[in-house]
Amino acid sequence: MILAASTHFLITVPTSPSHSHTKKSYLLHSHTTTLSKSNQISDSKSTSIIINDQSRTCECFKLYKELVPYDKAWDWQKQIVKEKKALIEKNQDCQDTLIILQHHPVYTLGTGSSEEYLNFDIKDAPYDVYRTERGGEVTYHGPGQLVMYPIINLRNHKMDLHWYLRALEEVVIRVLSSTFSIKASRLEGCTGVWVGDKKVATVGIPVSQWITYHGLALNVNTDLTPFLSIVPCGIRNRQVGSIKGLLGEFQPSTGRGKASVLHSSDCQLIDITHSSLIKEFSEVFQLEIFHKSIPMSEFEDTTPTRSLTRKLT
(Lines give C-alpha, C1' and ligand atoms only; values in the text may rest on other atoms or scores of the structure.)
Protein backbone atom coordinates (compact mmCIF):
# COMPACT_ATOMS: atom_id res chain seq x y z
CA MET A 1 0.00 0.00 0.00
CA ILE A 2 1.06 3.61 -0.62
CA LEU A 3 0.25 6.63 1.49
CA ALA A 4 -0.46 9.79 -0.45
CA ALA A 5 -0.26 12.63 2.04
CA SER A 6 -2.47 15.70 2.11
CA THR A 7 -2.67 18.77 4.25
CA HIS A 8 -6.36 18.00 4.73
CA PHE A 9 -6.70 14.23 4.54
CA LEU A 10 -4.66 11.04 4.20
CA ILE A 11 -5.64 8.55 1.52
CA THR A 12 -4.44 4.96 1.23
CA VAL A 13 -3.73 4.06 -2.38
CA PRO A 14 -3.25 0.47 -3.65
CA THR A 15 -0.52 -0.28 -6.16
CA SER A 16 -0.73 -1.98 -9.53
CA PRO A 17 2.33 -3.21 -11.42
CA SER A 18 1.15 -3.70 -15.01
CA HIS A 19 0.54 -1.25 -17.85
CA SER A 20 -0.32 -0.81 -21.50
CA HIS A 21 -0.63 2.29 -23.62
CA THR A 22 -1.69 3.71 -26.95
CA LYS A 23 0.56 6.38 -28.44
CA LYS A 24 -0.88 9.83 -29.11
CA SER A 25 0.48 12.84 -30.93
CA TYR A 26 2.57 15.33 -28.94
CA LEU A 27 0.65 18.54 -28.23
CA LEU A 28 2.90 21.59 -28.07
CA HIS A 29 2.32 25.29 -28.76
CA SER A 30 -0.85 24.78 -30.72
CA HIS A 31 -4.54 25.48 -30.34
CA THR A 32 -6.63 23.12 -28.21
CA THR A 33 -7.24 19.93 -30.13
CA THR A 34 -10.01 17.37 -29.71
CA LEU A 35 -8.59 13.85 -29.82
CA SER A 36 -10.56 11.14 -31.56
CA LYS A 37 -9.27 8.30 -29.38
CA SER A 38 -8.79 7.93 -25.65
CA ASN A 39 -5.35 7.38 -24.17
CA GLN A 40 -5.47 4.52 -21.69
CA ILE A 41 -3.56 2.92 -18.86
CA SER A 42 -4.59 -0.51 -17.61
CA ASP A 43 -4.34 -1.77 -14.06
CA SER A 44 -3.53 -5.33 -12.98
CA LYS A 45 -7.18 -6.35 -13.41
CA SER A 46 -7.12 -5.21 -17.07
CA THR A 47 -9.57 -2.42 -16.36
CA SER A 48 -9.15 0.39 -18.87
CA ILE A 49 -8.74 3.82 -17.32
CA ILE A 50 -9.68 6.63 -19.68
CA ILE A 51 -7.52 9.70 -19.20
CA ASN A 52 -9.24 12.43 -21.24
CA ASP A 53 -11.31 12.86 -24.35
CA GLN A 54 -10.12 16.40 -24.99
CA SER A 55 -6.80 18.12 -24.49
CA ARG A 56 -6.36 20.89 -21.95
CA THR A 57 -3.56 23.39 -21.52
CA CYS A 58 -0.63 23.12 -19.15
CA GLU A 59 1.88 25.85 -18.43
CA CYS A 60 5.43 24.48 -18.27
CA PHE A 61 8.37 26.12 -16.51
CA LYS A 62 11.56 24.60 -17.91
CA LEU A 63 14.42 25.07 -15.48
CA TYR A 64 15.92 21.69 -16.24
CA LYS A 65 19.40 23.10 -16.85
CA GLU A 66 19.36 24.95 -13.53
CA LEU A 67 20.06 23.89 -9.95
CA VAL A 68 17.14 25.30 -7.96
CA PRO A 69 17.31 25.29 -4.15
CA TYR A 70 14.83 22.76 -2.81
CA ASP A 71 13.12 25.09 -0.34
CA LYS A 72 12.52 27.73 -3.00
CA ALA A 73 10.94 25.22 -5.37
CA TRP A 74 8.85 23.83 -2.52
CA ASP A 75 7.54 27.28 -1.59
CA TRP A 76 6.85 28.01 -5.25
CA GLN A 77 4.73 24.88 -5.58
CA LYS A 78 2.72 25.72 -2.49
CA GLN A 79 2.07 29.22 -3.79
CA ILE A 80 0.77 27.82 -7.08
CA VAL A 81 -1.46 25.37 -5.20
CA LYS A 82 -2.84 28.25 -3.15
CA GLU A 83 -3.62 30.23 -6.30
CA LYS A 84 -5.39 27.28 -7.90
CA LYS A 85 -7.49 26.69 -4.80
CA ALA A 86 -8.56 30.34 -4.84
CA LEU A 87 -9.72 29.97 -8.45
CA ILE A 88 -11.65 26.81 -7.64
CA GLU A 89 -13.35 28.49 -4.68
CA LYS A 90 -14.56 31.15 -7.12
CA ASN A 91 -15.81 28.42 -9.48
CA GLN A 92 -13.19 29.45 -12.02
CA ASP A 93 -11.19 27.08 -14.16
CA CYS A 94 -7.46 26.67 -13.55
CA GLN A 95 -4.99 25.17 -15.97
CA ASP A 96 -2.42 22.62 -14.91
CA THR A 97 1.21 23.52 -14.22
CA LEU A 98 4.40 21.56 -14.80
CA ILE A 99 7.80 22.50 -13.37
CA ILE A 100 10.91 20.60 -14.45
CA LEU A 101 14.29 21.29 -12.84
CA GLN A 102 17.31 19.94 -10.99
CA HIS A 103 18.15 20.51 -7.33
CA HIS A 104 21.25 21.18 -5.30
CA PRO A 105 22.08 18.02 -3.27
CA VAL A 106 19.37 17.46 -0.67
CA TYR A 107 17.63 14.67 1.23
CA THR A 108 13.86 14.75 1.62
CA LEU A 109 11.56 12.70 3.82
CA GLY A 110 7.84 12.09 3.46
CA THR A 111 5.33 13.16 6.07
CA GLY A 112 5.56 9.82 7.89
CA SER A 113 9.15 8.91 7.05
CA SER A 114 11.32 7.24 9.68
CA GLU A 115 14.75 8.64 10.49
CA GLU A 116 15.96 5.05 10.91
CA TYR A 117 16.51 5.08 7.15
CA LEU A 118 19.17 7.79 7.49
CA ASN A 119 22.69 6.36 7.78
CA PHE A 120 23.98 9.55 9.41
CA ASP A 121 23.34 11.78 12.40
CA ILE A 122 20.63 14.19 11.28
CA LYS A 123 22.37 16.93 13.31
CA ASP A 124 25.46 16.48 11.15
CA ALA A 125 23.93 15.63 7.80
CA PRO A 126 26.07 15.75 4.65
CA TYR A 127 23.37 17.80 2.89
CA ASP A 128 20.19 19.65 3.78
CA VAL A 129 17.39 17.45 5.10
CA TYR A 130 13.76 18.42 4.58
CA ARG A 131 10.65 16.75 5.95
CA THR A 132 7.86 17.39 3.48
CA GLU A 133 4.14 16.69 3.15
CA ARG A 134 4.52 14.14 0.33
CA GLY A 135 4.05 10.42 0.80
CA GLY A 136 6.92 7.94 0.85
CA GLU A 137 10.22 7.53 2.69
CA VAL A 138 13.60 9.26 2.36
CA THR A 139 15.15 10.00 -1.03
CA TYR A 140 17.94 12.09 -2.53
CA HIS A 141 17.79 14.88 -5.11
CA GLY A 142 20.86 16.31 -6.81
CA PRO A 143 22.54 17.35 -10.06
CA GLY A 144 21.94 15.01 -12.97
CA GLN A 145 18.48 14.10 -11.75
CA LEU A 146 15.45 15.58 -13.51
CA VAL A 147 12.63 16.44 -11.14
CA MET A 148 9.11 16.97 -12.47
CA TYR A 149 6.58 18.79 -10.32
CA PRO A 150 3.13 18.52 -11.94
CA ILE A 151 0.61 20.69 -10.09
CA ILE A 152 -2.54 19.08 -11.34
CA ASN A 153 -6.22 19.72 -10.71
CA LEU A 154 -7.49 16.16 -10.72
CA ARG A 155 -11.04 17.43 -11.21
CA ASN A 156 -10.01 17.98 -14.83
CA HIS A 157 -8.62 14.46 -15.21
CA LYS A 158 -9.66 11.67 -12.87
CA MET A 159 -10.25 12.07 -9.14
CA ASP A 160 -8.35 8.89 -8.33
CA LEU A 161 -4.91 8.89 -6.73
CA HIS A 162 -4.28 5.29 -7.72
CA TRP A 163 -4.73 6.35 -11.36
CA TYR A 164 -2.57 9.44 -10.94
CA LEU A 165 0.39 7.59 -9.43
CA ARG A 166 0.25 4.97 -12.17
CA ALA A 167 0.09 7.74 -14.79
CA LEU A 168 3.26 9.39 -13.44
CA GLU A 169 5.03 6.03 -13.54
CA GLU A 170 3.73 5.53 -17.08
CA VAL A 171 5.43 8.74 -18.20
CA VAL A 172 8.84 7.42 -17.10
CA ILE A 173 8.24 3.91 -18.45
CA ARG A 174 7.46 5.39 -21.87
CA VAL A 175 10.53 7.66 -21.78
CA LEU A 176 12.85 4.76 -21.04
CA SER A 177 11.28 2.57 -23.72
CA SER A 178 10.82 5.05 -26.57
CA THR A 179 14.01 7.07 -26.14
CA PHE A 180 16.52 4.61 -24.68
CA SER A 181 15.14 1.15 -25.53
CA ILE A 182 15.23 0.35 -21.82
CA LYS A 183 12.45 -1.92 -20.58
CA ALA A 184 11.23 -0.65 -17.23
CA SER A 185 8.42 -1.82 -14.98
CA ARG A 186 6.57 -1.27 -11.74
CA LEU A 187 7.22 -3.25 -8.56
CA GLU A 188 4.15 -4.51 -6.75
CA GLY A 189 3.70 -2.79 -3.41
CA CYS A 190 6.07 0.09 -4.23
CA THR A 191 5.76 3.32 -6.13
CA GLY A 192 8.33 4.33 -8.70
CA VAL A 193 9.90 2.82 -11.81
CA TRP A 194 12.36 -0.07 -11.87
CA VAL A 195 14.78 -1.66 -14.32
CA GLY A 196 15.50 -5.09 -12.90
CA ASP A 197 16.31 -4.58 -9.24
CA LYS A 198 17.33 -0.93 -9.72
CA LYS A 199 15.00 1.94 -9.00
CA VAL A 200 15.53 4.72 -11.53
CA ALA A 201 12.59 7.00 -10.67
CA THR A 202 10.82 7.89 -7.44
CA VAL A 203 7.26 9.14 -7.12
CA GLY A 204 5.77 10.94 -4.13
CA ILE A 205 2.80 13.31 -3.90
CA PRO A 206 0.49 15.12 -1.53
CA VAL A 207 -3.04 16.10 -2.52
CA SER A 208 -5.09 18.96 -1.11
CA GLN A 209 -8.63 19.54 -2.32
CA TRP A 210 -7.76 17.37 -5.34
CA ILE A 211 -4.79 19.54 -6.27
CA THR A 212 -1.61 17.45 -6.46
CA TYR A 213 1.98 18.62 -6.23
CA HIS A 214 5.52 17.28 -5.72
CA GLY A 215 5.81 14.49 -8.31
CA LEU A 216 8.63 12.37 -9.72
CA ALA A 217 12.43 12.33 -9.91
CA LEU A 218 14.33 10.46 -12.64
CA ASN A 219 18.03 9.68 -12.31
CA VAL A 220 19.66 10.60 -15.61
CA ASN A 221 23.40 10.96 -14.95
CA THR A 222 23.12 11.43 -11.21
CA ASP A 223 26.05 10.69 -8.91
CA LEU A 224 24.51 7.79 -6.98
CA THR A 225 27.03 7.94 -4.10
CA PRO A 226 24.75 10.06 -1.81
CA PHE A 227 22.15 7.29 -1.92
CA LEU A 228 24.60 5.15 0.09
CA SER A 229 23.98 7.42 3.09
CA ILE A 230 20.29 6.50 3.21
CA VAL A 231 17.99 3.54 2.70
CA PRO A 232 16.29 4.86 -0.44
CA CYS A 233 12.51 4.78 -0.10
CA GLY A 234 12.97 2.52 2.94
CA ILE A 235 13.76 -0.51 0.75
CA ARG A 236 16.90 -2.32 1.90
CA ASN A 237 17.18 -5.13 -0.66
CA ARG A 238 17.10 -3.03 -3.85
CA GLN A 239 19.54 -0.77 -5.65
CA VAL A 240 19.33 2.65 -7.28
CA GLY A 241 20.13 3.15 -10.95
CA SER A 242 20.45 5.88 -13.55
CA ILE A 243 19.87 6.12 -17.28
CA LYS A 244 23.58 6.71 -17.90
CA GLY A 245 24.55 3.70 -15.83
CA LEU A 246 22.01 1.46 -17.53
CA LEU A 247 23.14 2.57 -20.98
CA GLY A 248 26.71 1.75 -19.98
CA GLU A 249 25.64 -1.74 -18.91
CA PHE A 250 23.63 -2.39 -22.06
CA GLN A 251 26.23 -1.29 -24.60
CA PRO A 252 29.02 -3.83 -23.93
CA SER A 253 26.86 -6.74 -22.86
CA THR A 254 23.75 -6.62 -25.01
CA GLY A 255 24.16 -3.91 -27.60
CA ARG A 256 20.84 -2.47 -26.46
CA GLY A 257 20.12 1.22 -26.51
CA LYS A 258 19.80 3.60 -29.42
CA ALA A 259 23.01 4.64 -31.16
CA SER A 260 21.99 8.31 -30.98
CA VAL A 261 22.08 8.29 -27.17
CA LEU A 262 24.69 5.67 -26.25
CA HIS A 263 27.56 8.12 -26.72
CA SER A 264 25.79 11.28 -25.59
CA SER A 265 27.52 13.66 -23.21
CA ASP A 266 25.98 14.33 -19.80
CA CYS A 267 24.48 17.61 -21.02
CA GLN A 268 23.08 15.97 -24.13
CA LEU A 269 21.60 13.16 -22.05
CA ILE A 270 19.81 15.69 -19.85
CA ASP A 271 18.49 17.50 -22.94
CA ILE A 272 17.29 14.28 -24.56
CA THR A 273 15.61 13.01 -21.39
CA HIS A 274 13.97 16.36 -20.69
CA SER A 275 12.44 16.52 -24.18
CA SER A 276 11.16 12.97 -23.88
CA LEU A 277 9.66 13.61 -20.44
CA ILE A 278 7.73 16.62 -21.72
CA LYS A 279 6.51 14.68 -24.76
CA GLU A 280 5.36 11.64 -22.81
CA PHE A 281 3.78 13.76 -20.07
CA SER A 282 1.79 15.60 -22.73
CA GLU A 283 0.62 12.34 -24.25
CA VAL A 284 -0.22 10.46 -21.06
CA PHE A 285 -2.20 13.36 -19.59
CA GLN A 286 -3.38 14.67 -22.98
CA LEU A 287 -2.25 18.18 -22.18
CA GLU A 288 -1.24 20.93 -24.57
CA ILE A 289 2.07 22.29 -23.28
CA PHE A 290 2.81 26.01 -23.25
CA HIS A 291 6.30 26.97 -22.17
CA LYS A 292 6.75 29.86 -19.77
CA SER A 293 9.89 31.37 -18.30
CA ILE A 294 10.87 32.56 -14.85
CA PRO A 295 14.21 34.26 -14.10
CA MET A 296 16.66 32.34 -11.93
CA SER A 297 17.05 35.53 -9.89
CA GLU A 298 13.79 34.49 -8.24
CA PHE A 299 15.70 31.67 -6.55
CA GLU A 300 19.12 33.18 -5.90
CA ASP A 301 18.46 34.65 -2.47
CA THR A 302 18.57 31.21 -0.83
CA THR A 303 21.86 29.33 -0.54
CA PRO A 304 21.73 25.66 0.54
CA THR A 305 22.95 25.17 4.11
CA ARG A 306 24.09 21.94 5.72
CA SER A 307 22.18 19.89 8.25
CA LEU A 308 18.89 21.72 8.04
CA THR A 309 15.72 19.87 8.99
CA ARG A 310 12.60 21.72 7.92
CA LYS A 311 9.30 20.81 9.55
CA LEU A 312 5.92 20.77 7.86
CA THR A 313 4.22 24.14 7.48
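Helices (H or I, at least four residues) and strands (E, at least two) are DSSP runs, numbered from the N terminus. Welcome to this predicted model, in which local features need pLDDT of at least 70, side-chain atom pairs count only at pLDDT 80 or more, and totals for chains, interfaces and linings use all residues. Residues are numbered from 1 along each chain as its sequence is written, and side-chain values use heavy atoms, with hydrogens and water left out.

**Helix α1**
- Helix α1 covers residues 70–89, which is 20 residues. From its first C-alpha to its last it reaches 29 Å, close to the 28 Å expected (1.5 Å times one less than the number of residues).
- Its buried residues (under 20% relative accessible area, 1.4 Å probe, protein chains only) are Y70, D71, A73, W74, W76, Q77, K78, I80, V81, K84, K85 and I88.
- After α1 comes N91, whose phi is positive, near 60°.

**Strands β7 and β8**
- Strand β7 (residues 106–109) runs parallel to β8, and four bridges join them (two strands pair if DSSP finds at least two bridges between them).
- T108 has Y130 in β8 as its bridge partner.
- In a regular strand the side chains alternate between the two faces of the sheet.
- In β8 (residues 128–131), D128 and Y130 point one way while V129 and R131 point the other way, and all are buried.

**Helices α2 and α5**
- Helix α2 (residues 161–180) packs with helix α5 (residues 266–285) at an angle of about 135°, their axes lying 9 Å apart. Axes are lines fitted to C-alpha atoms, for helices over the stretch in contact, and angles run from 0 to 180 degrees between N-to-C directions.
- That angle makes α2 oblique to α5 (under 35 degrees is roughly parallel, over 145 roughly antiparallel, 65 to 115 roughly perpendicular and the rest oblique).
- The contact (heavy atoms within 4.5 Å) involves residues of α2 including W163, Y164, L168 and F180, and residues of α5 including L269, I272, F281 and F285.

**Positive phi in two loops**
- Most residues other than glycine have a negative phi, and most peptide bonds are trans.
- S181 is not a glycine, yet has a positive phi of about 55°. S181 sits in the loop between α2 and β11 (185–187).
- With 32% relative accessibility, S181 counts as partly exposed (between the buried limit of 20% and the exposed limit of over 50%).
- Q209 is not a glycine either, and has a positive phi of about 55°. The loop between β14 (207–208) and β15 (211–212) holds Q209.
- Q209 is partly exposed, at a relative accessible area of 29%.
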